[in-house]
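Here is a short briefing for a reader who is new to this structure. Look over the sequence and the model, then work through the points by topic.

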Amino acid sequence: MSEGRTVPTIIDDNFMVCTDCLMIIANDDASGLAYSLGEEEAEAREREIREAIAEIQREEGQIAVGDSDRDEEFTSRPCACCGMRLAGPRHHCVILGSGRER
Ligand SMILES: [Zn+2]
């Protein structure tokens with residue numbers, strides 16, 4: 001009966017991203033970058049993050065903000081999105097598949 005309805009399924013339930021990526025994923029807003037970086041650096045960083053997000057969405061699926069209870073306050077694990085290796089907080093996100101069969 002429910003055929004034809006596409007329910008997004010979580011295909012990655014442990015997609016940990018840095019604070020910079022989270023800002024863009026959650027609010028599509030990179031203005032916070034300018035506080036910690038110079039204007040030019042912030043622009044380059046934003047471009048890098050948006051490219052990383054676009055590639056993941058093309059290859060895998062939609063990135064969505066996950067459960068903040070699963071955030072890590074401090075870890076040296078690289079960001080799953082932009083690959084940044086600077087240790088710091090990582091925020092829990094998920095990747096939603098389109099429901100398409102591969
Ligand atoms: Zn990142």
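Residues 24 or more positions apart account for 71% of the contacts in the chain with a separation of 6 or more. Two residues are in contact if their C-beta atoms, placed from the backbone, lie within 7 Å. This is a predicted model: local features need pLDDT of at least 70, side-chain atom pairs count only at pLDDT 80 or more, and totals for chains, interfaces and linings use all residues. Residues are numbered from 1 along each chain, as its sequence is written.

**Overall layout**

- The chain has 3 helices and 4 strands. Helices (H or I, at least four residues) and strands (E, at least two) are DSSP runs, numbered from the N terminus.
- Along the sequence, the pattern reads β-α-α-α-β-β-β.
- Taken along the principal axes, the C-alpha atoms fill a box of roughly 55 × 25 × 20 Å.
- The chain has 102 residues, and 24% of them count as buried. A residue is buried if 20 or more other C-beta atoms lie within 10 Å of its own, exposed if 12 or fewer, and partly exposed in between, with C-beta atoms placed from the backbone.

- Helix 1 covers residues 19-27. Its buried residues are Asp 20, Cys 21, Leu 22, Ile 24 and Ile 25.
- The cover over these buried residues includes strand 1 (9-17), helix 2 (33-36) and helix 3 (39-59). It also includes strand 2 (62-65) and strand 4 (88-97).
- Asp 28 has a positive phi of about 50°, although it is not a glycine. Most residues other than glycine have a negative phi.
- Asp 28 counts as exposed because it has 9 C-beta neighbours inside 10 Å.

**Helix 1 against helix 3**

- The axes of helix 1 and helix 3 come within 10 Å and cross at roughly 65°. Axes are lines fitted to C-alpha atoms, for helices over the stretch in contact, and angles run from 0 to 180 degrees between N-to-C directions.
- Helix 1 and helix 3 are therefore roughly perpendicular to each other. Angles under 35 degrees count as roughly parallel, over 145 as roughly antiparallel, 65 to 115 as roughly perpendicular and the rest as oblique.
- The crossing of helix 1 past helix 3 is right-handed.
- On the helix 1 side, Asp 20, Cys 21, Ile 24 and Ile 25 make the contact. On the helix 3 side, the residues are Arg 45, Ile 49, Arg 50 and Ile 53.
- By class, this contact has 5 nonpolar, no polar and 3 charged residues. Ala, Val, Leu, Ile, Met, Phe, Trp, Tyr, Cys and Pro count as nonpolar, Asp, Glu, Lys and Arg as charged, and the others, Gly among them, as polar.

**The nonpolar core**

- The largest nonpolar core has 18 residues. Such a core is a set of buried Ala, Val, Leu, Ile, Met, Phe, Trp, Tyr and Cys residues joined through C-beta atoms within 7 Å.
- The residues with the most contacts inside this core are Phe 15, Val 17, Cys 21, Ile 25, Cys 79, Cys 81 and Cys 82.
- Strand 1, helix 1, helix 3 and strand 4 each give two or more residues to this core. Helix 1 gives the largest share, 4 residues.
- Not counting residues up to four places away in sequence, Val 17 touches Leu 22, Ile 25, Cys 79, Ala 80, Cys 81, Arg 90, His 91 and Cys 93.

- Ala 52 lies in helix 3. Ala 52 is buried, because 20 other C-beta atoms lie within 10 Å.
- Leaving out residues up to four places away in sequence, Ala 52 touches Cys 81 and Cys 82.
- Arg 50 also lies in helix 3. Arg 50 counts as partly exposed, with 15 C-beta neighbours inside 10 Å.
- Gly 83 sits in the loop between strand 3 (72-75) and strand 4. Gly 83 is exposed, with 12 other C-beta atoms within 10 Å.
- Gly 83 and Ile 49 are 34 residues apart in sequence and 9.2 Å apart in space, C-alpha to C-alpha.

**Strand 2**

- Ala 64 is in strand 2. Ala 64 is partly exposed, with 14 other C-beta atoms within 10 Å.
- Beyond its neighbours within four places in sequence, Ala 64 is in contact with Cys 93, Val 94 and Leu 96.
- Ala 64 and Cys 93 are 29 residues apart along the chain, and their C-alpha atoms are separated by 5.7 Å.

Notes: A crossing is left-handed if the near helix is turned anticlockwise from the far one by less than a right angle, and right-handed if clockwise.
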